[in-house]
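This briefing is meant for a reader meeting the structure for the first time. Please look over the sequence and the model before reading the points below.

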Amino acid sequence: MKSIFLLFFSILFFQSQLHAEGFQFVRGVNDGDTIILQNNLTVRYIGINAPEIAHENKPAEPFGEEAKAFNRKLVMSKFIRIEQDIETTDQYNRQLAYVFLKDGLFANREIIRNGLAYVTYKPPNIKYDGLFLKTQQEAMTAGKGLWSGWKESSGIFIGNTNSRRFHATGCASGQKISRKNQIRFSRKWDAFWEGYSPCKKCIAGY
């Protein structure tokens, strides 16, 4: 009877801690920028994009598995605090959030800092964009993760100053950008350095 009581008390205590001081427990990690909370809520990190892991018969992108492993080590089975911006959910009904651990470590930034995700500008959720870009530039300079052994592609890359996405010259989406909103980069590196990210159609190879 005593053991049953202790088990019951432990469960109650654990559940009370799930939301203690605004912190929630991470029970799963999908990839380098998406996690699942104890209440089954899926959380997508704001402002970053980690390489994809293998899914739907598609192979993993370079550093996709490393990003997932790093994210798992960072937050799995830990309590986190989520901070929201203007938009709270995305088109997949995932919670959009900045994720902080109890010791104050900023998970979104930490993944960028280790070169396992790149900055994605997506207004109106831009609260930490300046911090994220500075962190990415530091990771690029240090040659971490995605930025190690960098191989540059030849050609001109067209950026959209509104969306801060860049495109290969043959990309149909890039060709639709109005001239006043165009910015041209002679290197992918320069586009990333300025806070631009590749469009979905041009993402392969980055």
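The model is a predicted one, and the values given here are computed from it.

**The largest pocket**
- The largest pocket holds about 1,000 Å³ of space, and of the 33 residues that line it, Arg44, Asn49, Glu52, Arg94 and Lys200 are the closest to its centre.
- Sorted by class, the lining of this pocket consists of 13 charged, 12 nonpolar and eight polar residues.
- At least two lining residues come from each of the strands β3 (42–45), β4 (48–49) and β11 (197–198).

- Tyr45 belongs to strand β3, and it counts as buried because its relative accessible area is 1%, where the cut-off for buried is under 20%.
- Leaving aside residues up to four places away in sequence, Tyr45 touches a set of residues that includes Gly32, Asp33, Ile35, Val75, Ala97 and Ile111.
- Asn71 is also one of the residues that Tyr45 touches, and the side chains of these two are joined by a polar contact of 2.7 Å.

**Aromatic pairs**
- The model has 18 aromatic pairs, among them the edge-to-face pair of Phe100 and Tyr128, with 6.4 Å from centre to centre and 65 degrees between the planes.
- This pair links distant parts of the chain, since Phe100 lies in strand β6 and Tyr128 in the loop between β7 and α4, 28 residues apart, and both residues are buried.
- Ring pairs also link Tyr118, Trp147, Trp150, Phe157, Phe166, Trp189 and Phe192 into a cluster.

Terms used: Residues numbered from 1 in each chain as written. Predicted model: local features only at pLDDT ≥ 70, side-chain atom pairs only at ≥ 80, totals over all residues. Heavy atoms only, no water. 1 Å grid on protein atoms, 1.4 Å probe; cavity = no way out; pocket = protein on both sides within 12 Å on 5 of 7 lines; lining within 4 Å. Points joined across faces, edges and corners; volume = space filled by probe spheres on them. Helix = DSSP H or I, 4+ residues; strand = E, 2+ residues; numbered from the N terminus. Nonpolar A, V, L, I, M, F, W, Y, C, P; charged D, E, K, R; others polar. Buried < 20%, exposed > 50% of the residue type's maximum accessible area, 1.4 Å probe, protein only. Contact = heavy atoms within 4.5 Å. Polar contact = N/O pair within 3.5 Å; in protein donor to acceptor, adjacent residues only side chain to side chain. Phe/Tyr/Trp six-rings, centres within 6.5 Å; stacked < 30°, edge-to-face > 60°.
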